[in-house]
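Hello,

Here is the structure I promised to pass on. My notes follow below it.

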Amino acid sequence: MGYIQNATTYIVETILIIAIYIVLLRFWMQWVRADFRNEFGQFIITVTNPVVIPLRKIIPSIGTIDTATLFLAYLLCFLNYVVIIAISGNLSSISTAIPVLLIISLGLLIQSTIYLFMAAIFVSIIASWVAPHSYHPILMVFRSISEPLLAPARKIIPPIGGLDLSPMIVFIFLNVSLMIIVQPLFGVR
C-alpha cells in the first residue's frame, strides 16, 4: 500500500509543481512585459486564463502587480501541501496545521520563484554559448525574465574581455536568498 501512496503523492505533487511554475511564468512574464504573442506566451495564457480571469473579478490588481495570478500561485502551493497530507491519510491534522501550511506555502512560492529565475538565467547562458543570436519563443521569455536581474549585476561588474560575470553574481544572490528567506520558512514548527 505504501508504494501506491508514494506513487500517487509523486504524481500529484509533480502536476501541482508544474502548475505552480506555469502560473509563476505568467506572473513574471506580465511583470517584465514579455512578449505573449508567441506560441509559448499563448500557451501560458490559454492554460491559466480559465482560473485567472474569474479570480481577477474577485481579486483586483494592485498597481502593476497581478494579484490574482500571484494568489493563484500561492493557492497552488498551499494545495500542494494539503493534498500531500490528505494522500498520507492525515486529514484530521490539516485543520490544526493550516497556519504552518500557510507559512510553508509562502516558502514554496518564494523558492519556486527563485528556481524559475535560476532556470531562466541558466537557459539564457547555455543558449548564448550554443546559438547566441537565435530567436526561440521560450528563449526570449527566459531572457526577458532574467534580464531585470542581470542588468543591475552588470552595472556592478561589467563584462570583462567579453566574459559576462553577472549570472554568477545573480546566482550567488539567489542562493543566499534561498538560505536567508526560504530555509527559515520551511523550518517553521
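**Pockets, a patch and salt bridges**

The second largest pocket is lined by Ile 110, Thr 113, Ile 114, Phe 117, Leu 149, Phe 173, Leu 174, Ser 177 and Ile 181. A pocket here is an open set of points on a 1 Å grid over the protein atoms alone, where a 1.4 Å probe fits, with protein on both sides within 12 Å along at least five of seven lines; lining residues have an atom within 4 Å of a point. Helix 4 and helix 6 each give two or more residues to this lining. Helices are DSSP runs (H or I, at least four residues), numbered from the N terminus. The lining has 7 nonpolar residues, 2 polar and no charged. Nonpolar covers Ala, Val, Leu, Ile, Met, Phe, Trp, Tyr, Cys and Pro; charged covers Asp, Glu, Lys and Arg; the others, Gly among them, are polar. The volume is about 150 Å³, meaning the space filled by probe spheres set on the points.

This is a predicted model: local features need pLDDT of at least 70, side-chain atom pairs count only at pLDDT 80 or more, and totals for chains, interfaces and linings use all residues. Residues are numbered from 1 along each chain as its sequence is written, and side-chain values use heavy atoms, without hydrogens and water.

The largest pocket holds about 350 Å³ of space. Of its 16 lining residues, Ser 124, Ile 125, Ser 128, Asp 164 and Pro 167 are the closest to the centre. Helix 4 (91-130), helix 5 (137-156) and helix 6 (166-186) each supply at least two lining residues. That lining splits into 9 nonpolar, 3 polar and 4 charged.

Now the charges. The whole structure has 4 salt bridges (a side-chain nitrogen of Lys or Arg within 4 Å of a carboxyl oxygen of Asp or Glu). Arg 154 and Asp 164 form one, at 2.9 Å, N to O. Arg 154 sits in helix 5 and Asp 164 in the loop between helix 5 and helix 6, so the pair ties together parts 10 residues apart in sequence. Shared partners join Glu 147, Arg 154 and Asp 164 into one network.

Asp 66 and Arg 56 also meet in a salt bridge, at 2.8 Å, N to O. Is Asp 66 buried or exposed? Asp 66 is buried, at 6% relative accessibility. Arg 56 is partly exposed, at 31%. Buried means under 20% relative accessible area, exposed over 50%, partly exposed in between (1.4 Å probe, protein chains only).

Best wishes
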